[in-house]
Amino acid sequence: MGVTRLKRKDRKNKARANNRVARIKQLLATPVIKNVDMDELRAQFGEAPKNKKEENTEAPAAQTEENSTEETSAE
């Protein structure tokens, strides 16, 4: 008895392997960024936004001052 080769399956398996190797090579070929000047990057993007916690703490303080002035004027 002879052995039947599945030619189409063989071609698919080889193509998958070759595509996988090509994909890995492409990912490894991307250059690594080194010696980045952080000050220059910050200057390009402008000033960083402030933390939300700081903004939230300022708003209630202003509201409490307004409430206290209204209470004193009502008396």
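In the predicted model, a nonpolar patch on the surface is formed by Ile33, Val36, Met38, Leu41 and Phe45. Together these residues expose about 540 Å² of accessible area. One of them, Val36, is placed in the loop that runs between α1 (7-29) and α2 (38-45). Val36 counts as partly exposed because its relative accessibility is 43%, a value between the 20% and 50% cut-offs.

The phi angle of Asn35 is near 55°, which is a positive value in a residue other than glycine. Asn35 is exposed, since its relative accessible area is 80% and the class begins over 50%.

Helix α2 has 8 residues, and the number of them that are buried is 0, so this helix lies largely in the open. In general, an α-helix has 3.6 residues a turn, so residues three or four places apart point the same way. After α2 comes Gly46, with a positive phi near 85°.

With a relative accessibility of 57%, Arg5 counts as exposed. The side chain of Arg5 makes a polar contact with that of Asp10, at 3.2 Å.

Taken as a whole, the protein chain contains 3 helices and 0 strands, and its elements follow the order α-α-α from the N terminus on. The chain has 75 residues, of which 0% count as buried. Its accessible surface comes to about 8100 Å². Carbon and sulfur atoms account for 53% of that surface.

The mean pLDDT of the protein chain is 78, and 63% of the residues reach 70 or more. Among the elements, α1 has the highest mean pLDDT, at 96. The lowest mean, 58, belongs to helix α3, which spans residues 52-74. Where pLDDT is low, the predicted coordinates should not be read in detail.

Definitions and conventions. Residues are numbered from 1 along each chain as its sequence is written. Side-chain values use heavy atoms; hydrogens and water are left out. Patches are made of residues with over 30% relative accessible area and no salt bridge: like charges are joined within 9 Å, nonpolar side chains (Val, Leu, Ile, Met, Phe, Trp, Tyr) within 5 Å. Accessible areas come from the Shrake-Rupley method with a 1.4 Å probe; for residues, only the protein chains shown count as cover. A salt bridge is a side-chain nitrogen of Lys or Arg within 4 Å of a carboxyl oxygen of Asp or Glu. Helices (H or I, at least four residues) and strands (E, at least two) are DSSP runs, numbered from the N terminus. Buried means under 20% relative accessible area, exposed over 50%, partly exposed in between (1.4 Å probe, protein chains only). pLDDT is the predictor's confidence in each residue, from 0 to 100. A polar contact is a pair of N or O atoms within 3.5 Å; within protein, one must be able to donate a hydrogen and the other to accept it, and residues adjacent in sequence count only if both atoms are side-chain atoms.
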